[in-house]
Every structure is written in C-alpha cells, then in structure tokens.
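Trainee: I'm new to this one. Please take me through one part of it up close, and then show me what else is worth a look.

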Amino acid sequence: MAAVFKKLLPLASPIHKRDNRDSDDGDENSNSFQIDYSFASEYKGPFIANVPRANPVEVDQIPTALPISFSSLPGDISYPVVQPLARTNRVTEKPPESAATSSVVLKGHHVVSGSSSSSSSSSKRLDVAEEAVDLPLSSSPSSAEVREDTEDDLRASDCSNGVEADGETVNRVKFVVPSEGSECDESSYISDGESIAATPRAERKGKRGSCYRCLMGNRFTEKEVCIVCDAKYCFNCVRRAMGAMPEGRKCQSCIGIRIDESKRGSLGKCSRMLKRLLTDSELQQVMSAEISCKANQLPSRLIAVNDKPLDEEELYMLQTCPNPPKKLKPGDYWYDKVAGYWGKVGEKPCQIISPHMNIGGSNIKKNASNGDTEIFINNREITKAELMMLKVAGVQCEGKPHFWVDADGTYQEEGQKRFIGNIWNKKRARLACAVFSLPMPPTSSAVEPNDEPIYTQKMLNKLLLIGNEKCGATTIYKQARSLYGVSFSEDERERIKFIIQTNLYAYLAMVLEAHERFEVEMNNNQSSEQTGDTGDETSAKTASSINPRLKHFSDWLLKEKEEGNLKIFPASSRENAQTIADLWRVPAIHATYKRLRETLPRNAVYFLERILEISRSEYEPSDMDILQAEGLSSMEGLSCVDFSFPSTTQEDSLESDYQHDPNMKYQLIRLNPRSLGDNWKWLEMFEDADLVIFCVSLTDYGEYIEDGDGIRVNKMIANKQLFESMVNHPSLANKRFLLVLTKFDLLEEKIEQVPLRTCEWFEDFNPLISQNHTSRHNPPMAQRAFHYIGFQFKRLYDSLVGPFSMRGRSFRPKLFVSQVSLESDAVDNALRYAREILKWHVEETSMFQEMSTTSIEASLSS
Amino acid sequence: MGSCFSSRVKAENHFHCGKSSDLYGPSLSSRKSSSTVAAAQKTEGEILDSTPVKSFSFNELKLATRNFRPDSVIGEGGFGCVFKGWLDETNLTPTRPGTGLVIAVKKLNQEGYQGHREWLTEINYLGQLSHPNLVKLVGYCLEDEHHLLVYEFMQKGSLENHLFRRGTYFKPLPWFLRIKVALDAAKGLAFLHSDPVKVIYRDIKASNILLDGDYNGKLSDFGLARDGPMGDLSYVSTRVMGTYGYAAPEYMSSGHLNTRSDVYSFGVVLLEILTGKQALDHNRPAKEENLVVWARPHLTSKRKVLQIVDTRLDTQYLPEEAVRLASIAVQCLSVEPKSRPTMDQVVRALQQLQDNLGKPTQTDPVKDTKKLGLRNGAKLPEKRFKQYPFARHRE
Ligand SMILES: Nc1ncnc2c1ncn2[C@@H]1O[C@H](COP(=O)(O)OP(=O)(O)OP(=O)(O)O)[C@@H](O)[C@H]1O
Ligand SMILES: [Mg+2]
Ligand SMILES: [Zn+2]
Ligand SMILES: [Zn+2]
C-alpha cells in the first residue's frame, strides 16, 4: 500500500530526502502509512449494479483517434475539442461556460509558436473547420515551421471523434492562459527554461485532492493522472475519462497532445490502481503504447543545441550515440562538439557525451555556460567550478589561457599544435570533478596510472565515509567540520540556508496538513451532533477567520508539498517570512503545532521552534543549525574535508613513539552511493583511500525502503547488501573497514517499542535477562542490541573475506566497530579510533595483539 | 638593406600609386576610393618604436619561463621550442606567472650560429619595426651558446593551427575571420616591403601568421630567414628550402629572392585559407600532396573554384567571395614574378573583399535566394557571378 501511495506522489520531494532519524513515529512517512489504509480497502458492502468493471475490450468500441472527417460532423452538436497549439493570435476570451458538471478547465501556457487561443467549446467546431481549411495551404513548402504546428492541430482535432464514442457525458475542455508568474504555476519544469513549450494543464473544479471528473474524494484518494494535463481521476472515473488509452494515460481530450515533460520519467509506470482496473494484457498494451506511441516522443524542436532547435534526425543521433545525454528534457543546451561537454545554457557542464556529433548550431557561444573566469575551453568561457577542477588537475591556468581540449582530455593552448598534457591523466581530476559536481568522461580507459604523488611522504590519510542514505554519515561529516574547525564557506552557508528554509516550509506544511485534518474531524463531529455551539469554539472560528492571503499561501504550500516539488525562491523569502509569521500566530495553527510537537521529527521541532527567525531572509544558520539540517548531502555528490586532530593533553603525555604525528592530515570524504555510478564504478577513484568508514543507522532494523523493483526491503538488509558489495569491491579490496553504527541515542528509544528481531537478519537476537537485577549484569537493551548488530556485521565480514585467507592483503582482515550518537564526543572518538586503526595498520599488530574476531567486546570502542 | 640598420624608418603610405590594378574589376575599383584605404594605412603605420629591443640574461628568461618548464612549452618550430613566460610590464623583469606581460620565448637550437654581431644588428633593426600586424619583438638573449628571442605572446596561436587543427568536427576559423586575417597579414607584409623598410620576409607561411586575443593577424619571425647573398647568417637556409610548398618557383630554381617571392608565398597562404588544406601534406594522395599543383587547374573557372572551397565553411560565404579570394590567390601564384601583384595591391583587393562581405551583388535577383529556400550558397546557379570578370591575368 505504501508503495501505491508513493507511486502517486511525485518523486523527489525535498522532504523525502531528509534524514530519517526520527521516523519512528509521527513523521510524514508514517503519515503516509496511516493514510494508505484509508483508501482502496476491499469493498464488502451490498451489491451495486453500477460498479465500473474492466470488461474485455471490444475493439470496435474502443474510442480511437480517427482521422477527422468534417463532412461527418453533425451540425449543431458542440464538440469539446482541445484547442491545440494554434499558431493564430486570436484571443477570444469568452466567459467560462457555467453549468456542465464535469467540465475540466485546461490551461495552456507557453506554447511553442504562436499562442494558444482560448475559446469556449461552443466555438470549437468552427475553429476546427478553420484549421482544416488551412491544412493544404500550410503544407506548402514555403512555410516549413508552420507545417509542424498544423500536424499537432490535426492530431488534436482527431481526438474529438473519440470523445463521444464513450456515450458518456463528455468533459468540456477549455484552456485558460494563466497569468505569468502566478504562484501556483511555478512547477519545476517551467524553471527548466522558459522556452519549453508547455502542455495544457487541467484545472481542478473541486476542492484540493478531489477527482477531476466526479469532484469527489480528497487528496488521499487513489487516483491516476493524465500525462498531458495532470488531471487526476479516481478509480471510478479513470476508464470514462481516459477511454481505451491508445496513447497511455491521457484524458480522451488529451489524446494526440504532447505529454507534460515533467512526467516523462513516469512514462510506462502506472499506479497500482490502474493495474487493478485493467487486465494484464490491456495494461501491457496501454503502457507500451504510452512509451512508444509517436505523440509521446520527445519533440525534437524543443531541444535546442547551440541555439538551434534539433530536427528529428539530429535528436535521433543524439539519443543513440554511445554516450547520450542522460534524462534529456526539453530545453536549451550547449554542446562542445570537440570535447563532448554538454550542459544547459547558462550552466556548467553536466555531462560529457559523445563528441563530434553534427547537431544543432555549429558554434558554441562564448558565454554558453555563463562562465566568468576569462579562461576558455574550446571557445567557451568556463565556470569557476571547472577552473577549480583544472587547477586540481594540475593545469596551469595563470594568465587566463584559452585552451583547446580534445575528447580524450588532451589539451593545448588555443592555436598551438603542441599538447601540454591530459586533464584526465591525474586521478585527482576525477576526484575534483566529483567534488565540484562536474561530469567525467564516460570511459575510465582515459585514466593512466601515472599519477604523481600529491605528498612525497604519506601525510594525508583518506577516510571514506560510505553508507546508505540517512545512515548518519553526513552528520558525522558535519560534526567533523565543526569539531576540527573547518567552517563552511559563505557560499556553502548560503546554500545550506536555502536548504534549511526549504525544509522549514516542508515542516510548516506538515503542521498545516494536520491542522486541516483536525478541522475536518471537527466539522464532522459538529455536523453529526447537529449543534453549532458545542464544538470547539476557537478552532471552528479560526477556520474561517484565517485571512485570504494566509489561506492562499497555505493552500499553495500544501499543493506544492503534495506534488512533491516544494521549492522556495530566495527572492521571495522576505515576503514569505511575513506571511509565515502571520500564519504562525494564528492560534489554531499554533495549537495544532503544540498538539503535534511530540510526534514531529526531532529536526522539525528544532527548526519550527525558531520559525520566525529562520524564515527571515537575514537568517544565518548556526553550526548547530547546520548539524540539525536535513538533506545537506544532496547539496553535492560528494563532500570532502581536510582536518587534523588537535592534540589532547592526555596524548601529550604518551610516550613519544606512540604519539601521532600532529602534522598528519586526514581527509574525510562523504560518498553518496548514488553518485558512484553503476556498480559503484567511480569507487576506483578512491583506490588510494586508507580507510573505509561504513555507516549504518542502528534504527534501520525497523524501517523499510522500496528497492529498485518496488519491493519493500528492511533497511538493515539494504545496509547488509551495500556492505557486502563494498567489501567485495575490487577498488576497496585492500582497505581496512571501520563500521560505525550511528544514532545510538535513537536506538535507546526505539528498542523499547520495536523489537530487534523485527529484522529477519537479527532473528536470533536473544538477550539473556539475568535474574540479578543490577545494571552490571543487565546492561541496557540498546547496548546489547548494538553489540549484537556489530557482531552480525563482523560475522558477515569474516564470511566475505574468508576466515584465513589474506587474499592479497598485506594485513589480516578484521572489521572494526564503533558507535556514535549526536554528541560530538562520540564522533571525535570514532574518528580518533579511525586514526588508531591506521596506525595499527601501519604497525600491523606488532604492538597490539590481534584480537579474535569473534570476541567483539575487545575491539569495540566506546 | 644593410645600410639603414641604425636609421629610423617611417612608415609611408604607398597606396597612391596610379598603376591600374590587376586585381580589380573596373566596376569594383571605383566603389571604394583609394584615399580612404590610404588614410587608414597611415594611422596604422608607425614604424619604429622608441623602446629599443632589450637584451635579457639567460637567467632572467629562465625565471620568466619557470625554468623552461615542459608544460609551458606552447609550440615547436624549425628553430626550436617556444615557451610561455611572464615579464613585468614596466621594467621587463621576470615576474610571477599570470601577472604582467605574457611573452613567447623562442629558444633557438644551439648549433650553427656564426656571426653573433650580425645576428644582433639584424635583431635590433627588426625589433624596432613597429606595426599593428607585426608581432612585437620584445628582446633577445645571447649568452654562451644560448640564442633566444622574446616576443609578445599571441593568445590565439597561429593561423596554421586554426586552419588545420586535426579532427574534422573542430569548427575552423569562420569565413569572415579568414578574410580578416588574410588582410592583416597582407598589411604586415606590405609594410615590410614598403620603402624604406624593405625587408623581405622569406618565410611566409600559415604558422608564422599569429593571432592575438581579438583575432588580429600578425606576422612573426619576419626577416630572420636569411640566405646566401646577404652574408653568412645562413642558419636557416636549409630550412627555407624545407618549406617547400610555399616557396616561389624562381627561388626554388635560382635561390634568388625578392619581394615578389614573398607575394607568391602569400598566395599559397590564401589558397590554404580558401581550401582549408595545407600547402604540403604527405598524407594526401600523391597528386594532391602539393596544394598549388593540385589547386591550380581548379582556379580556372568559377564552378571549379567552388569545388575546392573548404567544405567545413558550409554556408558562411557567398560564392562570389570565394571566387574573389581565389582570383587574388591565383595572381599571387603567377609563375612569372613580374605578373604577380604587389602587396599593396593585394591589400586593397582584400580590403575590398572584406568591406563587401555578406553583400550579395545588387544587380541580381539572387538576394531572394534565401526565401526560395536555397540556403546553401555553394549550390547557387552560376549566373550569380556573371558580373565578376574573373582574373584576367593568368600565366
Ligand atoms: N609570439 C607567439 N605567441 C604565441 N605563440 C607563438 C608565438 N611564436 C610562436 N608561437 C607558436 O609556436 C609555434 C612554433 O613557432 P616557430 O616560429 O618556432 O615555428 P614555426 O612558425 O612553425 O616555423 P618557423 O620556424 O618557420 O617560424 C608556432 O606555430 C606558434 O603556434
Ligand atoms: Mg614561426
Ligand atoms: Zn471520480
Ligand atoms: Zn488530460
């Protein structure tokens, strides 16, 4: 069920990415669990004659898009015709038609060429006729551009035939041209670039979350969505609204129209609801049509390369080249044909694709990526990030040189013949790319192992922080920064501030959502009691007393969150801060927050407590704020910090030969498994790492995620799998591993509620409770659980490396285990422990007795 | 030439010559008055710089180039390697990379220099020549066996590398810049040939035409390639022979050099610009190895000219422009030195071409071609160029 719900939610909401530390209860994931059970439960009521059924399809009953034949149009029936991408500039603003129960309003904005003319359905037939008359003319060779549009026209008109075939009341469709910049339209893909033509968008007649056709239900009702206009239909209505779905999940009136590009990722992925509704073969057919039908293909002209829209052949070439751009969306791109750099206009490169393709405009613009470094690569002024990467790669950049760079990475000064070197020769270059979120060449073959050592003496130890999302590694990283005084740069703080504020909005939305829920409950109670005065006076009043501005804001926030694209714009934060302050002062909302506080995630409460301060544009995050902030790991693919340990007094007194070199530097690198490519192939960049710190959240044993195939997996099992692949990864074969079990403090709470044996891997956890009731004999359950989990990992590790074989290692493999919590001491201890391990590694057991790997106590640090 | 080494030379304008041009069709020569061209030339042509050429110590240049670091080598030529370095702008002392004046230090191969004094005199003379289309010679170093020349750094490298960079998908110099660079180089050469400078370049080729940050073309290494008659400074004589493909036939056969042999070499450069092919390329089939030999038969008709234009230019040029450039080139390439135009004439012809770039001929209805959908100029019907009498002087 959870899966179904998640499928319906748009992907990548910032709130979903956050650290899941507090998800035991009350957070919004568990909300979605509760909610799941509120819909689509099996119907057990009396027989209803009218249940919509997935009947076997009879071919001639399927409403299909037939070529329009105008002579067959009966004179006075008003056909609901989607006004297509018209090239005319007619703007016939007619008052919206009143009645029509199931009228869907479509908004067409940003149309490729020309503007969408809006007209009510009564005038539609006439328009169709006009378009038809235009057709032969517009296919004359003199107007190639226009011709493309009329193709759309034709397709759009086609669908008018299919609409009636259902015999149902048809949806009256009309478009409105939304006013530019209206808040609700700031969907993610508009920000992708203004030049993208948009598809029509349905406007909901009912209240938020209701079905677009029957206007019933709320946002927890299961719905299927039209991939064109975003109209959402409930179980009962999908069939009627979408018919036989010859182009996949589209309203009948949307057939033939290009899909909403933000939905391209979900092509072929339907809701579970639809799976129930259709037979397997129907579903298969619909989904494959959705993916492969012509109308749903990415229109080549929406992709401009070096200022020139592509034609179909060029797009084909682009998509089928050995290294095509990933997730190609409509938009303006620049392409360095010599080296293969590829990016959005105005942005740094995002990928290195196959070079030498003759597509788009012939010349790249100097300012294609909006660089400001005065340094050029193949006639493009590069960005700061690229410059930093070049510097790391050892490219001499003094004097603002202009370079020619070849696809293989060899570079030379512009106009010269002599190659100076190869950017990719140094492994550091790849590391730098990861740090600065820059693309790397697709093949690793360009890397030659002739990397010169950065330090002649080994004075830098690299510690890799690896772990699944929300494993606590980023927290360790952040704590290390504050512990060892490596503060964040202004730029980083600015970005962190933005993330924190975005999170804050999401937290606020959680409160508003709850508020709304309470309100509904309240109303229900009142109406059932039929007494107006016995209800909670204050909240009943505030529900109506919240002023329209606040209401509007709150609706917008909820909508954005529901759709998963909650985004705030730094520019608007000043205005919003005032609105938030006002909203927060509404007593009912504040009361809701108080009621909710116990169940909200810890971070949410931390920030909501200071909502007035944090929402302000002047707000500057403190170190503690940064530590508490969620979602920072998404800031960059990889974070990296150099530090050294301040020596403690205790250490100073140690014998000199046991002292650590105070000049020894450590580099903590937080690796996000997602950014490591297929099979973690970029791990090879870190072949020179000295220690792998594998992080696992202790609370994972009771949590679940969905894996790539949509199967629910216990997060601890997911950790186990990642651990296995890391230990077995050739690039890490010779590495020491330190397992850091995080969130010990949360485990203490959780273990009381959820037994450790919930996780199948921990089934044999069977702590002996001594009759002797002293704490010495009965250590806290969390402590035992921690030991047990550590033990399980050690056993796993031993089985992976083979009990006696060194397998080419220069040391006896052994898993070290440590624990941390939110206290910075714990992190300091763990990292100092890492340092010890490295020292041991060097001295290899001469000083310390190798402990039996099965006696875990001995090697635990605490 | 030897007599005026120490005297200062002023640029004069040499464009008032009444001699009727070989290069202009009658209709064209009247369109641009030669006086405007002359005026433009005058302001550009300050010949001598007051700052003398600086003598550097080897150590200074070592510092300026970070000890001749391998990754500061920018190019390599017949003389030796060229390094990138930095000097303080005001006192020309070595400075931190990235600050001050960027220089190109040419470290000459160490063998075969005699007559240091003559070499020096020559350098001092050439170093004082100042023209917007000559690469400034900042100084030199003569210490033990070290011979080095210090030039201002030309940010965009050489014409050769822009035209012939390997890799077919590299977009080479656009058409309008090719014309501009050709004109710039012609101006530089015309200046060298002019009275009283009178320097024979001797080694005109695409690699010696360098481009600054704004794609202004400048000649480098002028006057250094000396041969027999002028004395024993013959360190490059064999190398000049090596630049076969550019050298004029009379020079090949007799070893005799004059300004007209420079014009011939310049014609070869024009051909390279037009065709995007190198003067001599042993990777081409035997018949095509030598560009002039291969192209000459194509220079006889408009249609054939359009067949040899650099295909990478696709639609950037108007056919008449390509034909125009070919006609200038073919005259420079006349076998008989006397039939070749002077560089002044070449400058004016190129100036004319540049001034009218992108302007299709008015008398023809061809301006409507684009609307007819015929965007590829090269495919236009031949009648378009009717009013251009093709080069009347053929050998
Ligand atoms: N002043 C300069 N600024 C920038 N690059 C230069 C400069 N001088 C020379 N170069 C580069 O160094 C390369 C080698 O120059 P060099 O003059 O040594 O050889 P060449 O021009 O190929 O032949 P020649 O020896 O006949 O001049 C040139 O092709 C050019 O790319
Ligand atoms: Mg040279
Ligand atoms: Zn419905
Ligand atoms: Zn729709």
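**A zinc site and beyond**

Mentor: Start with the zinc ion (ligand 3): in sequence, its donor residues follow the spacing C-x2-C-x19-C-x2-C. This is a predicted model, where local features need pLDDT of at least 70 and side-chain atom pairs pLDDT 80 or more, while totals for chains, interfaces and linings use all residues; side-chain values use heavy atoms, without hydrogens and water. Residues are numbered from 1 along each chain as its sequence is written, with chains lettered from A and ligands numbered from 1 in the order in which they are written.

Back to the metal. The SG atoms of Cys211(A), Cys214(A), Cys234(A) and Cys237(A) coordinate the zinc ion (ligand 3) at 2.2 to 2.3 Å. Donors here are N, O and S atoms within 2.8 Å of the metal (3.2 Å for Na, K and Ca); water is not among the atoms, so sites may look incomplete. The angles between the four donor atoms run from 106 to 113°, so the arrangement around the zinc ion (ligand 3) is tetrahedral. For comparison, the ideal angle for four tetrahedral donors is 109.5 degrees. Cys234(A) and Cys237(A) are both buried (under 20% relative accessible area; exposed is over 50%, partly exposed in between, with a 1.4 Å probe and protein chains only).

Now the zinc ion (ligand 4). Cys226(A), Cys229(A), Cys251(A) and Cys254(A) hold it through their SG atoms, again at 2.2 to 2.3 Å. The donor angles span 102 to 121°, and this site of the zinc ion (ligand 4) is tetrahedral as well. The spacing of these donors reads C-x2-C-x21-C-x2-C. Cys226(A) and Cys254(A) link distant parts of the chain, 28 residues apart: Cys226(A) is in the loop between strands S4 (223-225) and S5 (232-234), and Cys254(A) in the loop between helices H7 (235-242) and H8 (272-277), all of chain A. Helices (H or I, at least four residues) and strands (E, at least two) are DSSP runs, numbered from the N terminus. Cys226(A) and Cys254(A) are buried too.

Burial turns up elsewhere in chain A. Strand S23 (residues 815-819) has five of its five residues buried. In a regular strand, side chains alternate between the two faces of the sheet. On S23(A), one side carries Leu815(A), Val817(A) and Gln819(A), the other Phe816(A) and Ser818(A), and both faces are covered. Its parallel partner is strand S22 (residues 736-742) of chain A, joined over five bridges; pairing takes at least two DSSP bridges. Within that pair, Val740(A) stands opposite Ser818(A).

Next, two annotated positions. UniProt, in an unreviewed entry, gives Thr474(A) the feature "binding site"; such annotations use the numbering here, have shortened names and may be inferred rather than shown by experiment. Thr474(A) sits in helix H13 (residues 473-483) of chain A, and its relative accessible area of 15% makes Thr474(A) buried. In chain B, an unreviewed UniProt entry also marks Lys107(B) as "binding site". Lys107(B) belongs to strand S4 (residues 101-108) of chain B and, at 25% relative accessibility, is partly exposed.

Last, Gln352(B): this residue is part of helix H13 (residues 343-355) of chain B. Gln352(B) is buried because its relative accessibility is 6%. Arg324(B) lies 28 residues away along the chain, and the C-alpha atoms of Gln352(B) and Arg324(B) are 9.9 Å apart.

Definitions and conventions:
Four donors count as tetrahedral if all angles lie between 85 and 135 degrees; four count as square planar and six as octahedral if opposite donors are over 155 degrees apart and all others between 65 and 115; anything else is irregular.
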